[in-house]
Amino acid sequence: MSQPNRNPNQNTAPGPALAQIPVVVLAGFLGSGKTTLLNHLLHHSGGTRIGAIVNDFGAIEIDAMAVAGALGDSTVSLGNGCLCCAVDASELDLYLERLTAPAAGIDVIVIEASGLAEPQQLVRMVLASDNPRVVYGGLVEVVDAAEFDATRTRHPELDRHLALADLVVVNKADRAADLKRVLGLVRSLVDRAAVVPASYGRVDPEFLFDRRPSRERIGQLSFDDLHEHTEDGGHDGHLHTGYDSLSFVADVPLDPRRLMRFLDSRPDGLYRIKGHVDFGPHDPRNRYAVHAVGRFLRFYPEPWPAGEPRLTRLVLIGSGIDADALGKELEACKNDAPHADEHGMWGVLRYVRGSEDPDIEDPDVEDPYPQAPPA
């Protein structure tokens with residue numbers, strides 16, 4: 001694949017960066033607990049506005065709908081700004097356009113796939129979107145721990161779905177006769193994805209998206225307000241799924257070649273990477289916002305805010321990751337050399353939207369998240 005013909009020191013983002021809205025695809029066969037997990041995310045949004053698109057008419061069962069009331073047969077407007085739309089996959093672009101409009105105020109979009117849907121096609125549609133505000137937020141596959149063997153027998157395609165997933169939630173862990181065996185089997189079927197057990201769909205929302213403080217939504221009814229006194233123990237006290245995280249800050253620029261080697265070899269279970277990177281003399285005008293989920297990776301160059309210290313700030317989130325080892329690897333990416341390698345940014349620029357997007361339109365391509373070759 002040819003490299004982008006671009007001056008690494010060119011200011012590629014003359015204006016403010018466009019806010020990106022992650023689109024998470026939530027998949028799993030009937031009865032696995034997708035809707036339960038979606039309900040949990042909505043009830044524990046922490047002030048974050050979630051747009052939910054349901055790829056199966058009539059399949060949504062959100063408890064708080066009775067409070068909000070319905071508008072038409074397929075769209076529900078909820079008090080905290082959520083829009084839940086039961087749609088056909090062919091309407092996906094239309095609803096993504098609506099939900100990502102600034103006026104909607106949506107922070108994250110969750111697409112709940114039909115129990116018999118092919119999640120790869122929904123992922124491809126998200127990746128192929130021309131909407132500049134859309135960014136892929138990962139494929140979350142929900143499996144029933146208690147019925148995992150029976151589900152694989154009925155639906156052998158489950159193995160392929162697991163291989164594509166960025167995060168696998170092994171739900172109904174409390175009902176599994178041998179949870180350790182099921183978790184081991186699932187981990188043997190995934191490709192570097194994080195695998196986490198859960199009961200009643202209780203996955204910490206921070207694993208999937210950034211939550212806004214509730215006070216930012218003053219004057220608006222939220223699920224948190226509705227359920228503050230009805231759920232046992234409050235919001236997150238009884239979540240069955242935790243995560244591991246690492247915060248990394250550096251006041252020395254990172255070497256782009258070293259960082260790409262780190263990203264290309266990131267370990268199993270490292271689900272999300274977010275933050276900003278300072279590449280120093282390789283591009284003194286811009287910092288680079290980085291967004292990685294599963295195997296998907298993208299950089300967004302944006303001008304340094306006036307008066308802001310030039311620091312690299314990254315947060316890594318995963319399940320079963322070695323935070324200390326990852327921190328040491330990132331430390332090794334530092335480089336305070338005053339001069340830039342002429343071709344050092346090529347690996348990074350491959351993942352800047354518009355420079356050379358991955359080929360995602362070929363239906364015969366199995367891996368929709370190609371990685372850059374080692375620098």
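**A conversation about the model**

Guide: Leu246 lies in strand 10, which covers residues 244-250. Please note that the model is a predicted one.

Visitor: Is Leu246 buried or exposed?
Guide: Leu246 is buried, and its relative accessible area is 14%.

Visitor: Which residues is Leu246 in contact with, leaving aside its neighbours within four places in sequence?
Guide: Its contacts are Leu314, Val315, Leu316, Ala323, Leu326, Gly327 and Leu330.

Visitor: Let us turn to the cores. Which residues of the largest nonpolar core touch the most other members?
Guide: They are Ile109, Leu167, Val168, Val169 and Val170, in a core of 68 residues. Strand 7 gives the most to this core, namely seven residues. There is also a second, separate core of 28 residues, and Leu246 is one of its members, as are Leu259, Met260 and Ile321.

Visitor: What is Leu167 in contact with, beyond four places in sequence?
Guide: Leu167 contacts Leu139, Val140, Glu141, Ala193, Ala194, Val196, Phe207, Leu208 and Tyr271.

Visitor: Which residues do ring pairs link into a cluster?
Guide: Phe207, Tyr243 and Tyr271 are linked in that way.

Visitor: Now the helices. Which residues of helix 7 are buried?
Guide: In helix 7 (residues 179-189), the buried residues include Val182, Leu183, Val186 and Leu189. Viewed down the axis, the buried residues of helix 7 fall within an arc of 125°, so they line one face of the helix. In general, an α-helix has 3.6 residues a turn, so residues three or four places apart point the same way.

Visitor: What do the buried residues of helix 7 pack against?
Guide: They pack against helix 5 (148-154), helix 6 (158-164), strand 8 (167-171) and strand 9 (194-197). On the other side of helix 7, Lys180 and Ser188 are exposed.

Visitor: How many of the residues of helix 1 are buried?
Guide: Nine of the ten residues of helix 1 (residues 34-43) are buried, so the helix is largely enclosed by the rest of the structure. Among the buried residues are Lys34, Asn39, His40 and His43, together with Leu37 and Leu38.

Visitor: I would also like to check the backbone. What is the phi of Lys172?
Guide: Phi of Lys172 is near 60°, a positive value in a residue other than glycine. Lys172 is found in the loop between strand 8 and helix 7, and Lys172 is buried, with a relative accessible area of 18%. Phi of Tyr200 is also near 60°. Tyr200 is placed in the loop between strand 9 and helix 8 (223-226), and Tyr200 is exposed at a relative accessible area of 52%.

Visitor: Finally, confidence. What pLDDT does the protein average?
Guide: The average is 78, and 72% of the residues score at least 70. Over residues 57-80 the pLDDT stays under 50, and the model has 59 contacts beyond four places in sequence for them. Residues 356-375 also have a pLDDT below 50, with 47 contacts in the model beyond near neighbours in sequence.

Visitor: And the protein as a whole, how many helices and strands are there?
Guide: There are eleven helices and 14 strands. Of the 375 residues in the protein, 53% are buried.

Technical notes:
Residues are numbered from 1 along each chain as its sequence is written. This is a predicted model: local features need pLDDT of at least 70, side-chain atom pairs count only at pLDDT 80 or more; totals for chains, interfaces and linings use all residues. Side-chain values use heavy atoms; hydrogens and water are left out. Rings of Phe, Tyr and Trp (its six-membered ring) pair if their centres lie within 6.5 Å; planes under 30 degrees apart count as stacked, over 60 as edge-to-face and the rest as tilted. Buried means under 20% relative accessible area, exposed over 50%, partly exposed in between (1.4 Å probe, protein chains only). Helices (H or I, at least four residues) and strands (E, at least two) are DSSP runs, numbered from the N terminus. A nonpolar core is a set of buried Ala, Val, Leu, Ile, Met, Phe, Trp, Tyr and Cys residues joined through side-chain atoms within 4.5 Å. Contact means heavy atoms within 4.5 Å. pLDDT is the predictor's confidence in each residue, from 0 to 100. The arc is that of the directions from the helix axis to the C-beta atoms.
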